[in-house]
Amino acid sequence: MDCRILTSKTVLLLLSCIFWAAGAALSYVGAYVINSYKHFDNFLTDKYILIPAAIIIVIAVVLFIIGLIGCCATLRESTVGLSCFLLIIVLLFAAEVTAFVFGFAYRGRGNLEKSMSDVFQKYDGQNSETRAVNYLQSQLKCCGVQNYTDWTSTPWYKSHNSSVPQSCCKENHTCTGKIDQPELLNAQGCEAKLEQLLQDVLSYAMLVILGFAIIKLFGMLSICVITCRSSKGSYQPVYSA
């Protein structure tokens, strides 16, 4: 068998085998991105930033099916099967490139300061905004939008004896939330930390998308080699005698 054919078939079989692993990995990445944004959705006004994650989930579901199709088409050396496999890979490649472009375009977009300020103003200790703010401040170890002094302009501060929520307090410290003890409060504001977190998550997702897109590019080249040689009838299938 032609060395190029053998190499191409090996690449396709490996590609087919890793489709399942790729699907699992993309499912994890997509779910991780959506879950990360979900915790902070009250602070996000532009919901389109979830488009890359949604595309990743759709691709992951399809990958499990494509892995089987690719493996069977490669072993049978079916021109029709490989042509369908090529079409599927091209479509997935285009979808991943689209997700990458969307991720790059929406990276850093959005007015976090305004949306976060609105949520902090609605903090009353019981509503959904309260839970979102407490989760944000405790997880990111921050206080206020820019810093803890932002709380002084909120209804909560004025109605609770000039104090900030307990979620502003540093861990393992006895804290009443009084701003006259700033050493007991998380000094950094939440806007910068949240923006950095969201950018890190999106960057991670974009790197994974780029990696799988490169793998599919090699797969497309391998299919082209096999189908072109097969159409000329210049080699015999592996299982032929």
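1. A search of the whole structure, which is a predicted model, finds five aromatic pairs, where rings of Phe, Tyr and Trp (its six-membered ring) pair if their centres lie within 6.5 Å, and where planes under 30 degrees apart count as stacked, over 60 as edge-to-face and the rest as tilted. One of these is the tilted pair of Phe120 and Trp151, with 5.1 Å centre to centre and 50° between the planes. This pair links distant parts of the chain, since Phe120 is in helix H4 (residues 112-121) and Trp151, 31 residues apart from it, is in the loop between helix H5 (128-140) and helix H6 (155-159); helices here are DSSP runs (H or I, at least four residues), numbered from the N terminus.

2. Trp151 also forms an edge-to-face pair with Tyr123, again with 5.1 Å centre to centre but with 80° between the planes. Here too distant parts of the chain are linked, with Tyr123 in the loop between H4 and H5, 28 residues apart from Trp151. Both Tyr123 and Trp151 are buried, that is, under 20% relative accessible area, while exposed means over 50% and partly exposed lies in between (1.4 Å probe, protein chains only). Ring pairs link Phe120, Tyr123, Trp151 and Trp156 into a cluster.

3. In H4, the buried residues are Leu112, Ser115, Met116, Val119 and Phe120. Seen down the axis of H4, these residues fall within an arc of 135°, so they line one face of the helix; the arc is that of the directions from the helix axis to the C-beta atoms.

4. The largest nonpolar core has 55 residues, of which Phe19, Leu26, Phe85, Met116, Phe120, Leu136 and Trp151 touch the most other members. Such a core is a set of buried Ala, Val, Leu, Ile, Met, Phe, Trp, Tyr and Cys residues joined through side-chain atoms within 4.5 Å. The elements that give two or more residues to this core are helix H1 (3-38), H2, helix H3 (79-106), H4, H5, H6 and helix H7 (190-231), and H7 gives the most, with 13 residues.

5. Ile65, in helix H2, is exposed, with a relative accessible area of 56%.

6. Residues are numbered from 1 along each chain as its sequence is written, and side-chain values use heavy atoms, with hydrogens and water left out. In this predicted model, local features need pLDDT of at least 70 and side-chain atom pairs count only at pLDDT 80 or more, whereas totals for chains, interfaces and linings use all residues.
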